[in-house]
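Dear colleague,

I am handing over the structure below, and after it I set out what was found. Please read the notes alongside the coordinates.

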Amino acid sequence: MSVDANAYHRLKAELDAQGVTLLAVSKTKPKEDIEALYQLGHRDFAENYVQELVEKQPLLPDDIRWHFIGHLQRNKVKYIASFCALIQGVDSLSLLQEINKQAQKCGRVIDVLLQVHIASEETKFGLSNDEVFALLEQASLYPNVQIKGLMGMASFTDNTEQVRQEFLTLKSIFDRVNAQGPHNRLTVLSMGMSGDYRLAITCGSTMVRVGSLLFGARS
Ligand SMILES: *Cc1c(COP(=O)(O)O)cnc(C)c1O
């Protein structure tokens, strides 16, 4: 059992004081670790593989809010549409359309975040600035999807200044969307992980995705 209750409470208090939501990234961790954090009162958990999420979800309490933070393939949306609380990482119109369709089948409105490409690495998924605005223009056509905000992953680098610039880029897109008026009002800005959550918060993050700091290193 690798969950440290004191570390959790310290982190939670630090984030609560700043109005930032803590998302516990439980990928690769056994259900016992999730239960331990649940017992401490935590409810927001995130996974990045559909199969792993689908296996864990039925074994754990119903009132957990499950977030999906990985790259979601369209043909897998149907497996998580009935229960997923927030799908982070919508990076195409076709994915948004599929989430809308599956949400409709379940009689739900599913909350999502648009993933924005902010890292310098080619391999990271995400929309460009222009694609974010184009997608938001279409959003009203998909009533079973609610776009709540933006999500981004900074480059994997020790260069703090570069990471800061990437977070600030995301924050400025977020602010520009909200400056456009009430239609596309976004409230969630998901950025920052174990190694850079404090930096992300100084750049305007409202939700941090923390794995290893809570559960220990992944094998
Ligand atoms: C794994 C993962 C995290 C958490 O990473 P840690 O460094 O363990 O905190 C956050 N966001 C995404 C998208 C991830 O895949």
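How many Å separate an oxygen atom of the ligand from an N or O atom in the side chain of Arg218? The distance between that oxygen atom of the ligand and the Arg218 side-chain atom is 2.8 Å, where a polar contact is a pair of N or O atoms within 3.5 Å (within protein, one must be able to donate a hydrogen and the other to accept it, and residues adjacent in sequence count only if both atoms are side-chain atoms).

Before going further, please note that this is a predicted model, in which local features need pLDDT of at least 70 and side-chain atom pairs count only at pLDDT 80 or more, while totals for chains, interfaces and linings use all residues. Residues are numbered from 1 along each chain as its sequence is written, and side-chain values use heavy atoms, with hydrogens and water left out.

A polar side-chain atom of Ser194 is 2.5 Å from an oxygen atom of the ligand, and a polar backbone atom of Gly211 lies 2.8 Å from a ligand oxygen. Of the 390 Å² of accessible area that the ligand has on its own, the protein covers 91% (Shrake-Rupley method, 1.4 Å probe). There are 13 residues around the ligand, and those that come nearest are Lys27, Ser194, Gly211, Ser212 and Arg218 (a residue counts as near if one of its heavy atoms lies within 4 Å).

Salt bridges

The structure holds ten salt bridges, each being a side-chain nitrogen of Lys or Arg within 4 Å of a carboxyl oxygen of Asp or Glu. One of them joins the side chains of Arg198 and Glu14, at 2.8 Å from N to O. Because Arg198 lies in helix H8 (residues 197–202) and Glu14 in helix H1 (residues 5–17), this pair ties together parts that are 184 residues apart in sequence; helices here are DSSP runs (H or I, at least four residues), numbered from the N terminus. Arg198 is exposed, at 53% relative accessibility, whereas Glu14 is partly exposed, at 23% (buried means under 20% relative accessible area, exposed over 50%, partly exposed in between, with a 1.4 Å probe and protein chains only).

Glu98 also forms a salt bridge, with Lys101, their closest N and O atoms being 4.0 Å apart. These two residues are three apart in helix H5 (residues 93–106), so about one helical turn separates them. Glu98 is buried, at 16% relative accessibility, while Lys101 is partly exposed, at 44%. Elsewhere, salt bridges that share partners join Glu47, Glu52 and Lys56 into one network.
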